[in-house]
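Here is a friendly briefing to read alongside the model. Please keep the viewer open as you go through the topics below.

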Amino acid sequence: MANLYLNYKLHHGYLHHWLVAGPQAIPVSNLNHFQGEDFKLQIVRHYHQPESGVTQTPVDQATFRVGDTELKWNYLRCRDDHFVDLSAFYHTCHYLQAWTYARVASATSQKVTFILTTNGPADVWLNGHHIHRQEHFYHQLPHRVPFQATLHEGHNEILVRFEAVATRDCPYAMALQIVGLPAETPVFLPTTHEDVTRHHTLEQMFEAAFLDRDVYVWDDQIILRLPEDMPPPATAAIRFQTPSNRIYLESLKFGENKETNETHLSRAYHFPEGPYQAVLMPNPREFHEGNMRIQRKIPFWLMRHRYSQTPYGTYQERRQEALADAAHREQNVFSEIARMALGQWTQVKTENILAAIERINRREDCSDFYLAGLLGMLYRYGDDPSFPAEIKKPLKACILNFKYWADEPGSDVMWYWSENHQILFHTGEILAGQLFPNQTFTNANQTGQWHREKGERLALSWLRKRARGGFQEWDSNVYFEEDLLALSHLVDLAENPQVYELAAVIMDKMFFTMAVNSYRGVFGSTHGRTYSPHIKGGRLESTAGISRLKWGMGVFNQHILGLVSLTCAENYELPPLIQQIATDLPEAMWNREHHAGEFEEWCDQITGTWEVNKVTYKTPDYMLCSAQDYHPGESGSQEHIWQATLGPDAVVFVNHPAWVSEEGSHRPGFWHGNVILPRTAQWKDVLISIHNLPEDDWLGFTHAYFPVYAFDEYILRDGANGQPWAFARKDNGYLALTAARGFELITQGDNAYRELRSYGQHNVWLCHMGRAALDGEFGKFQEKVLALAVAFDDLSAQCDTLRGETLAFGWTGPLLLNGKEQPITGFKHYENPYCVADLAAPQMEITFGDQLMRLTFE
């Protein structure tokens, strides 16, 4: 038994430091046995054991077995949200259980209140005795449960086992707060490492260290920094490795130079493109032989392709470039499809195709994405003499046995209900039915012709709804890629003229929407659904490669499903007029849109109607977009309410975070979505966004993404009455941002020099945009903004603008422009210089210069 301890203190009453083991992930292969709305509870009760499974005192790096699984105790320091967060995405159903352990030293024997916060069921043992079980399921935001416990004098051993049933995105976290203990109450973690002082020194150093950006491009220098007020307290090692632990660089120089807070490492072009982790750790001998296993992993991306902000090349040149890039990535089956399109048959890796078929046979979530690609591959290249013969039989069997819709037999975790999945399932069913019309599809025991007719009926319903009202997942820089994956296959391969013609019209409409709401290749619009990597700049957007392909602005990246599908589609050509709109930079373009519709009648997940009113203001130097008055005060998910875009990296937005983690299973997360949606209104180059947080909000702040590295200049200044302002310049575009409750620039940790954090239950954010052409040089812009009148009330604001107007807006009531009500809802479907069309109109006309095109939806 260890007699050495890492020692800490409670953090705002929370256990902030733990030994953690797991999760143990057990595949649930017999999902058909668990039916009904409470199937997760059934699964938990099937696997749950009353005993903890921990038979020896936990010690850092010690192992133990639970069933056939060997688990190891690892030290974990919680982040600002106090969670032990093990969230991840699981493509098939799994039962999960994980364990946390710590010792709390109580000065006396006393009764206290434990508050255990989890997404799912959990058990607590105190000094070896089971004292509590909670059995609930809260998918996104975890639930707090208080209960009484008695601590005895001295060390008290606390063991928590928390469970989950993972089906796709799995938020999986635990936090434990003890109410009634002094703030200085000690917490101890058993360890076998003797140099506890060095452990604490490295831990503080690692937690403070930061990279100043998420993406490094080509010749960018990668520099690891410490805060300005922290001289390096020790030396340590840094590794660059991939998430799969392939090491590309190891340096022992972190903290070696005591004269600087910077450790210069390498340039981006020295490594393959992709995701990496900067692993901060003791020197290797200390780590492996001395067993000091403290680490911190900082995620980042390396990119070789430069971002194109101006159009270049011909479509055919960009098409060849896109295919070559996708083929080189060896990322998934779409890399193999790109090789086929290029005629690189000797380089096609059949094992990657067979692996994709096997995942589809397991009915993993997102199988519909890859089945569409495989069907397109078979249509286009299946008769080529070079097509691998060994994949034809398993691919045919996969197609004939797939579950093409939710009403077919079988239980699985595939998601059918979101817009992108709907059209992908329908596309797969149409193409499969066309390919094998007279054969029996074994899952539904129906012919291919039956499947084709069903797929066409559902696809046409989907297409007509998008034609009349637009997309519920409006302007999604994630899911537009997958919509285009489906639609490009329908345009190219569907045999029903109604289907392929309407699919082509919807593609035109989507590309027009992207063109209007993009700035120099960045799809910087408000989004109905998105994820953090897609909004922290334009480089990792799923649509970035598509916009580069179609109009020469953007960047090729890891998102190749829609890109490869579009390059292979011979029957769709982007209208030149839309390409010209996408590259147009008008002096001032004011766009208002209204998208609305009803949920599908067969979707029992959600019912009723949906709508969004959105605006975009675009100039040659910036773009400002927002969703107006979108469900304020309601729970949010992945909606991105507003964004200012000045360049591919220079983007600014505000949200109300739920977690500190940026793992995509959190919806909302740290940067994408909002726990509680704000009330936002925009008048051209000015935006007001009001946040009304609940009293028991977990984090208690809203924050702005403000990437200092991406600006040519930035400065923080105080205005009248000490009101702080953040100013930024990129080229000739300017931004000014303030919050009624003030803000602080975060200068250490994961988002150092990219986050402005503002605490307060009620808060108002105000954003002004400017241009050198209108506002003079950057310093003059600052003085103009600081001289403007602005008044914040509890949940409202009134301000003058740089254009001589006055705006007033609150949590309730209208937007007032110079004292007169300005509409923020009820817009036309599109209203901008290129197109004016009513919602549900049978057609829309788009013009540019002397050109006109008409989209007919009937």
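A charge sits over a ring if NZ of Lys or CZ of Arg is within 6 Å of the ring centre and within 35 degrees of the ring normal. By that rule, the charged end of K509 sits over the ring of F857, 5.1 Å from its centre. This is a predicted model, in which local features need pLDDT of at least 70 and side-chain atom pairs count only at pLDDT 80 or more, while totals for chains, interfaces and linings use all residues. Residues are numbered from 1 along each chain as its sequence is written, and side-chain values use heavy atoms, with hydrogens and water left out.

**Rings and charges**

- R293 also has its charged end over a ring, that of F287, at 4.7 Å from the centre.
- Rings of Phe, Tyr and Trp (its six-membered ring) pair if their centres lie within 6.5 Å; planes under 30 degrees apart count as stacked, over 60 as edge-to-face and the rest as tilted. The count by this rule is 57 aromatic pairs.
- In one of these pairs, the ring centres of Y216 and F300 are 5.9 Å apart and the planes are at 90°, so the pair is edge-to-face.
- This pair links distant parts of the chain, with Y216 in strand β15 (residues 215-217) and F300 in strand β21 (residues 296-303), 84 residues apart. Helices (H or I, at least four residues) and strands (E, at least two) are DSSP runs, numbered from the N terminus.
- Y216 and F300 are both buried, where buried means under 20% relative accessible area, exposed over 50% and partly exposed in between (1.4 Å probe, protein chains only).
- One aromatic cluster is formed by F402, Y404, W405, Y416, W417, F425 and F441.

**Nonpolar cores**

- A nonpolar core is a set of buried Ala, Val, Leu, Ile, Met, Phe, Trp, Tyr and Cys residues joined through side-chain atoms within 4.5 Å. The largest one has 101 residues, of which M377, I399, L487, F511, F512 and I846 touch the most other members.
- Helix α12 (residues 497-516) supplies the largest share of this core, 13 residues.
- Apart from it lies another core of 58 residues, including Y617, A728, L737 and L786.
- Contact means heavy atoms within 4.5 Å. Not counting residues up to four places away in sequence, I399 touches L371, L375, L378, Y404, A432, L435, F436 and F441.

**Cysteines**

- A disulfide is a pair of cysteine sulfur atoms within 2.5 Å, and by this rule the count is zero.
- C398 is in no disulfide, and the nearest cysteine sulfur, that of C366, is 15 Å away. At 1% relative accessibility, C398 is buried.
- C625 is buried too, at 0% relative accessibility. The closest cysteine sulfur to that of C625 is in C767, 11 Å away, too far for a bond.

**Around N655**

- N655 lies in strand β28 (residues 651-655) and is buried, at 2% relative accessibility.
- A polar contact is a pair of N or O atoms within 3.5 Å; within protein, one must be able to donate a hydrogen and the other to accept it, and residues adjacent in sequence count only if both atoms are side-chain atoms. The side chain of N655 reaches the backbone oxygen of F670 at 3.1 Å, and a polar atom of this side chain lies 2.9 Å from the backbone oxygen of G673.

**Around L96**

- L96 is in strand β7 (residues 88-106) and is buried, at 0% relative accessibility.
- The C-alpha atoms of L96 and M377 are separated by 37 Å, and the two residues are 281 residues apart along the chain.
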